[in-house]
Amino acid sequence: MKINLTHPNPALISIIEDPEQIITLDANFLIAPDRRPITKRGIGFEQFREIWLDPIFSVFPNLAIHESVYDELVGISPQNYVDAKRDSIPPEIIIHKDSSLTEVEKILRDTIESKIASLTKYDPMLDNKDDRGKVKSLSYIAVKGLLYFAANDNNAIQLIEKSEEWSTGLDNVQAIKMYELIYYLYRNDLADKTAMKMLYKYQYYLTDREKSTNPGWGDFSSSMDSLYESYFK
């Protein structure tokens, strides 16, 4: 995935100003990344929980997932993690359920879902698993007027950022990338800084192609400082 540092992301600025807003997560925010065999080293779920999940759930009190994303969680560990967040009192995660849609909202959801699905591997008629989570998530939050979708998936981000060009119906949805929240945690001392550097490198700076297109950590963090420093209090 290519790092974009050409201009500030209004969605990240809004989250900097008010981190208590609802942020809906794609499944890849909850599943430990595994880039083997590109690298010999994987990141186990417990390590991912410690360096990434616990910090973001601590910092952002209104994280959400669509119910279809729960089905995409690979392995019992991430499902148990979400179950514990859902069942805690008060709940520490919001689960978007299609049963909450009104009849009018369902019609609008189906329209948006059809537009999005044609640009993904998901077929509403088959209700197959491929890309199901992001299609269901995006169409739900568009109908409900929720603003922010956090993903580490280039296709999902393009569905949002090219909404007008591709007529996806997602004009009011804004994308937040994982690398932007890695920076947010690092900048505000809200997570282990060494772990944030490691996670950035693991996700965006491993292959020769990534190293030719994405900045190393030092250039990345200094460029992000230039873009966002004035927005931090």
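User: Where is the place of Ser-167?

Analyst: Ser-167 sits in the loop between helix H8 (163-166) and strand E5 (174-177). Helices (H or I, at least four residues) and strands (E, at least two) are DSSP runs, numbered from the N terminus. The model is predicted: local features need pLDDT of at least 70, side-chain atom pairs count only at pLDDT 80 or more, and totals for chains, interfaces and linings use all residues. Residues are numbered from 1 along each chain as its sequence is written, and side-chain values use heavy atoms, with hydrogens and water left out.

User: What is the phi of Ser-167?

Analyst: Start with the background. Most residues other than glycine have a negative phi, and most peptide bonds are trans. Ser-167 is not a glycine, yet its phi is positive, about 55 degrees. Its relative accessibility is 45%, so Ser-167 counts as partly exposed. The scale is relative accessible area: buried under 20%, exposed over 50%, partly exposed in between (1.4 Å probe, protein chains only).

User: Which loop holds Asp-189, and is Asp-189 buried or exposed?

Analyst: Asp-189 is in the loop between H9 and helix H10 (193-204). Its phi is positive too, near 55 degrees. Asp-189 has a relative accessible area of 56%, so Asp-189 is exposed.

User: Now peptide bonds. Which residues does a cis peptide bond join, with omega about 10 degrees?

Analyst: That bond joins Arg-36 and Pro-37. Pro-37 belongs to the loop between strand E1 (23-25) and H2. Another cis bond joins Ile-89 and Pro-90, with omega about -5 degrees. Pro-90 is placed in the loop between H4 and strand E3 (94-96).

User: On to packing. At what angle do the axes of helix H2 and helix H9 cross?

Analyst: Axes are lines fitted to C-alpha atoms, for helices over the stretch in contact, with angles from 0 to 180 degrees between N-to-C directions. Helix H2 (residues 45-59) and helix H9 (residues 178-187) have axes that come within 11 Å and cross at roughly 75 degrees. H2 and H9 are therefore roughly perpendicular; that class spans 65 to 115 degrees, with under 35 roughly parallel, over 145 roughly antiparallel and the rest oblique.

User: Which residues in H2 and H9 meet?

Analyst: H2 brings Trp-52, Pro-55, Ile-56 and Val-59; H9 answers with Met-178, Leu-181, Ile-182, Tyr-184 and Leu-185. Contact means heavy atoms within 4.5 Å. The H2-H9 contact has nine nonpolar residues, no polar and no charged. Nonpolar covers Ala, Val, Leu, Ile, Met, Phe, Trp, Tyr, Cys and Pro; Asp, Glu, Lys and Arg are charged; the others, Gly among them, are polar.

User: How many aromatic pairs are found in the whole structure?

Analyst: The search finds 14. Rings of Phe, Tyr and Trp (its six-membered ring) pair if their centres lie within 6.5 Å; planes under 30 degrees apart are stacked, over 60 edge-to-face, the rest tilted. Take Phe-57 and Tyr-81: centres 5.7 Å apart, planes at 70 degrees, so edge-to-face. Phe-57 is in helix H2 and Tyr-81 in helix H4 (residues 76-87), 24 residues apart. Both Phe-57 and Tyr-81 are buried. Next, Tyr-179 and Phe-220: centres 6.0 Å apart, planes at 80 degrees, so edge-to-face. Tyr-179 is in helix H9 and Phe-220 in helix H12 (residues 217-228), so this pair ties together parts 41 residues apart in sequence. Tyr-179 and Phe-220 are both buried.

User: Which residues do ring pairs link into a cluster?

Analyst: Tyr-179, Tyr-186, Tyr-200, Tyr-204, Trp-217 and Phe-220.

User: Which residue lies over the face of Tyr-186?

Analyst: A charge sits over a ring if NZ of Lys or CZ of Arg is within 6 Å of the ring centre and within 35 degrees of the ring normal. Lys-193 does this at Tyr-186, 4.5 Å from the ring centre. Arg-187 lies over the face of Phe-232, at 4.4 Å from the ring centre.
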